[in-house]
Structures are given as structure tokens and as C-alpha cells.
Amino acid sequence: MAVAIRLRRDGARNNPYYKIVVADQRSPRDGRFIEIIGTYDPKQKDENYSIKLDRAEYWVGVGARPS
């Protein structure tokens, strides 16, 4: 199974909000995922993201590709 770290879109129209997820590369953008490792809010100023670095390093270590 090829695993990717990517953004999953949430929120309303014209107000996007993204979750940083680990998912099977073949699943749809907003489909099934394995784990949520962070968030990203492009509309917020300054600190607009949060990520669990230990989990991201783990997934990259076992072969997940950041997209």
C-alpha cells in the first residue's frame, strides 16, 4: 500500500480549512484516511497551521510520501 501525507479539505464554500492526513495514495482527496496529523487554515494570519511532528517523522520513516 502506497501511503501519502496530504491535505484533506473541510470547511464551507469560500472558507476552506484543511486537515493534514496520512492516507492511501489511491483514495480520493476527501475520502478515507489512516490518521490526522495536523491542520492548516489559509484564512488565518500568523500561526495558521499545527502539526504533530513526531507522527509526521514516523510516517515518513516508514515510507509515506509527502505530497
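This tour goes through the structure stop by stop, with something to select at each one.

**Before you start**

This is a predicted model: local features need pLDDT of at least 70, side-chain atom pairs count only at pLDDT 80 or more, and totals for chains, interfaces and linings use all residues. Residues are numbered from 1 along each chain as its sequence is written, and side-chain values use heavy atoms, with hydrogens and water left out.

**Stop 1: Asp 24**

Select Asp 24. It lies in strand β2, residues 15-24. Strands (E, at least two residues) and helices (H or I, at least four) are DSSP runs, numbered from the N terminus. Is Asp 24 buried or exposed? It counts as buried, because its relative accessibility is 15%. The cut-offs are these: buried is under 20% relative accessible area, exposed is over 50%, and partly exposed is in between (1.4 Å probe, protein chains only).

Now show the side chain of Arg 26. The side chain of Asp 24 makes a polar contact with it, at 3.1 Å. A polar contact is a pair of N or O atoms within 3.5 Å; within protein, one must be able to donate a hydrogen and the other to accept it, and residues adjacent in sequence count only if both atoms are side-chain atoms.

**Stop 2: the salt bridges**

Side chains of opposite charge can pair when their charged atoms come close. Here a salt bridge is a side-chain nitrogen of Lys or Arg within 4 Å of a carboxyl oxygen of Asp or Glu. How many salt bridges does this rule give? The count is five.

Select Arg 29 and Asp 30. They form a salt bridge, with the closest N and O atoms 2.9 Å apart. Arg 29 counts as exposed at 51% relative accessibility. Asp 30 is partly exposed, at 33%.

Move to Glu 35 and Arg 55. Their side chains meet in a salt bridge of 3.0 Å, N to O. This pair links distant parts of the chain: Glu 35 is in strand β3 (residues 35-40), Arg 55 is in helix α1 (residues 53-61), and they are 20 residues apart. Glu 35 counts as buried at 17% relative accessibility, while Arg 55 counts as partly exposed at 28%.

Then select Arg 8, Asp 10 and Lys 19. Salt bridges that share partners join these three into one network. Within it, the closest N and O atoms of Asp 10 and Lys 19 are 3.3 Å apart. Lys 19 is partly exposed, with a relative accessible area of 25%.

**Stop 3: the aromatic pairs**

The structure holds two aromatic pairs. Rings of Phe, Tyr and Trp (its six-membered ring) pair if their centres lie within 6.5 Å; planes under 30 degrees apart count as stacked, over 60 as edge-to-face and the rest as tilted.

Select Tyr 18 and Tyr 40. This pair is stacked, at 6.0 Å centre to centre and 25° between the planes. Tyr 18 lies in strand β2 and Tyr 40 in strand β3, so the pair ties together parts 22 residues apart in sequence. Tyr 40 is partly exposed, at 28% relative accessible area.

Now select Tyr 58 and Trp 59. Their ring centres are 5.3 Å apart and their planes are at 75°, so this pair is edge-to-face. Tyr 58 is partly exposed, with a relative accessible area of 43%, whereas Trp 59 is buried, with 13%.
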